[in-house]
Amino acid sequence: MEKVFSKTKGLTDVPFTYCPGCTHGIIHRLIAEVLEEMDLLENTIGVAPVGCSGFLLDMFSCDFVGGPHGRAQAVATGIKRAMPERTVFTYQGDGDIAAIGTSHAIHVAARGEKITSIMVNNAVFGMTGGQMAPTTIGGQVTTTSPYGRDCALAGPPIDLPKTIATLEGAVYVAAGSVDSPKNVAQTKKMIKKAFQVQQKGLGFSFVSILSTCPTNWGLSPVDSLNWLRKNMMPVYQLGELKATEEVNAL
Amino acid sequence: MRRQLLKGNEAIAEAAIRSGCKLFFGYPITPSTEIIEYLSRNLPKAGGAVLQGEDEIASINMCYGAAATGARVMTASSSPGYSLKQEGMSYLAAAELPVVVVNINRNGPGLGGLGPSQGDYFQCTKGGGHGDYRTIVLAPSKGQEMYDYTMKAFDLADKYRTPVVILADGMLGQTMEPIEFKERPSVELPEKDWVTTGCIGRPKRKISMYNLTNEAGEEISLKLQAKFNKMKDLEQQWENYCTDDAEYLLVGYGTCGRVGKSAVQLARQQGIKLGLIRPITLWPFPEKAFISLPKIKGILTVELNAGQMVEDVKLAVKCSIPVQSHTRVGGMLLSENSVLKKLAEVFQLEVRV
């Protein structure tokens, strides 16, 4: 019988630590598959965030470095400057990259740092138990916005990819989702293109991915996917937000 | 051998290049800025690179990343900027990454001023960042030592896989002195078999420090503490000046070590048997210098702060000898005359100043 699917070599056998229904696992697989398909596993150094995905260092089969909360892109800059021939990427939650690490997010893009950043947006701080993040949408209930996010008080949510897309050094910016098979396939293409951009040395590449957090949203996995579609998709623009001519020529 | 007139900050930068430092990440702040300026001019010529970070936090974390690949890397700042780097210092110590970090101490707290100060003694020697960790701290007292200790700092960082601090002040950083461009000493260093450079032909590696169980946390912490204890045992360094027959001792590092030498000469002209211990490592504090001092009747620390190192001296002599301190704050310098006057006052000696 023909084998139609097998686990990517990009992932180790270390079990995922994620809650049932969380989509971090899908995103891990997509990145690992892309690295394997591009034959980059031995060439790549990943940089981990602090948060739910802070333990992915053991889950990927490439080298990995973990530093302080929000600093992954600064750490990645140091690695890339020391080893420009290597592929370097960061994997960060929205709390990591869009709150405490925002200055680095802006400046790696401004410098056109030749790294790839993957942002996983689930609209909350997951690991600490579902607090409000800069990406929490208006009216969303979290433990630090128990009456729903009041945009008059906390401001409206940040759509980080749109901000990053305004900077010249960011040559490829895309926003995907993993709520459906179609979107999973689309997101994988975006991740692949982001790594191709880095391989060609064109500049900073950034992929943001909408993700679920059933535990902290207080919903079943299926209801979480529906909640994401109904509440996050109208707020966060999806698709390729920016691709320079050079990127489109790839 | 080639000698050149350089600012202390430039001496640090030149020594870094000659130590094989390939990357420098920093953010300008007076009075340390000549380090990043000198390196911006000269490090690229030596095959390295300088990147000006968006802030101090980015700069130290860029060092973290570069050190993870095994590259020799340095950053430099001054007090308020060094404060911002403390998160990074804690993570570097935890992940055991060798980075040389220069702090050209200005006076504080807060924004403070630019004058020479030793107000960051506690911050540099007691940790500064969170958690139970130690970093080696080297304290040069003149231009040539800015150069020599920088070379030493890179070797110590690699030897122990640890961040090493060079602590000087604005006067040492800004004063021009003739510097001998010594070659890098040949030192046997452990192979960097832990670096994350891509897993070509070897199993994957990771560099990080966290623990998911308290038991693992204890194990990792004890391993780190054993390393710190080894540094404490092996790396204490200091200079003795006229201590053999001394009845009174000054203890001063950096700029105060220099002022202290002048005070010793002044006292000896008047028949007072004064000596000086100049700590070179501030951590580990050179406790061994104080083990056997049977003739010493009193100790005076000389510090450009409100009295910080005096606590370590008291601990070193286990309070068996009277220890007093002579201090000046706010960026002002101490004179050798004022040291002598204070010595006379606290130990009831007759001096002419």
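**View 1. Where chain B meets chain A.** In this predicted model, 32 residues of chain B are in contact with 34 residues of chain A, contact meaning heavy atoms within 4.5 Å. The two chains bury about 2600 Å² between them, and carbon and sulfur atoms give 61% of that area; buried area is the accessible area (1.4 Å probe) that two parts lose on being put together, summed over both. Local features need pLDDT of at least 70 and side-chain atom pairs count only at pLDDT 80 or more, while totals for chains, interfaces and linings use all residues. Residues are numbered from 1 along each chain as its sequence is written, chains are lettered from A in the order in which they are written, and side-chain values use heavy atoms, without hydrogens and water.

**View 2. Salt bridges between the chains.** Four salt bridges are counted between chain B and chain A, each a side-chain nitrogen of Lys or Arg within 4 Å of a carboxyl oxygen of Asp or Glu. One to look for joins the side chains of A:D63 and B:R202, at 2.5 Å from N to O. On the side of chain B that touches chain A, α3(B) gives the most, with eight residues; helices here are DSSP runs (H or I, at least four residues), numbered from the N terminus.

**View 3. Two domains within chain B.** Chain B is divided into domain 1 (3-197 + 223-234) and domain 2 (239-347), with bounds from an automatic or database domain assignment. Their C-alpha centres lie 26 Å apart. The contact takes 32 residues from domain 1 of chain B and 27 residues from domain 2 of chain B. About 2500 Å² is buried between these domains, 53% of it from carbon and sulfur atoms. B:Q118, B:Y121 and B:F122 together supply 29% of the area that domain 1 buries against domain 2, more than any other three residues. Four salt bridges are found across this interface.

**View 4. The largest nonpolar core.** Such a core is a set of buried Ala, Val, Leu, Ile, Met, Phe, Trp, Tyr and Cys residues joined through side-chain atoms within 4.5 Å, where buried means under 20% relative accessible area (1.4 Å probe, protein chains only). The largest one has 115 residues, and A:I164, B:I35, B:M74, B:L97, B:F290 and B:I299 touch the most other members. Helix α7 (residues 143-160) of chain B gives the most to this core, with nine residues.

Methods. Buried means under 20% relative accessible area, exposed over 50%, partly exposed in between (1.4 Å probe, protein chains only). Helices (H or I, at least four residues) and strands (E, at least two) are DSSP runs, numbered from the N terminus.
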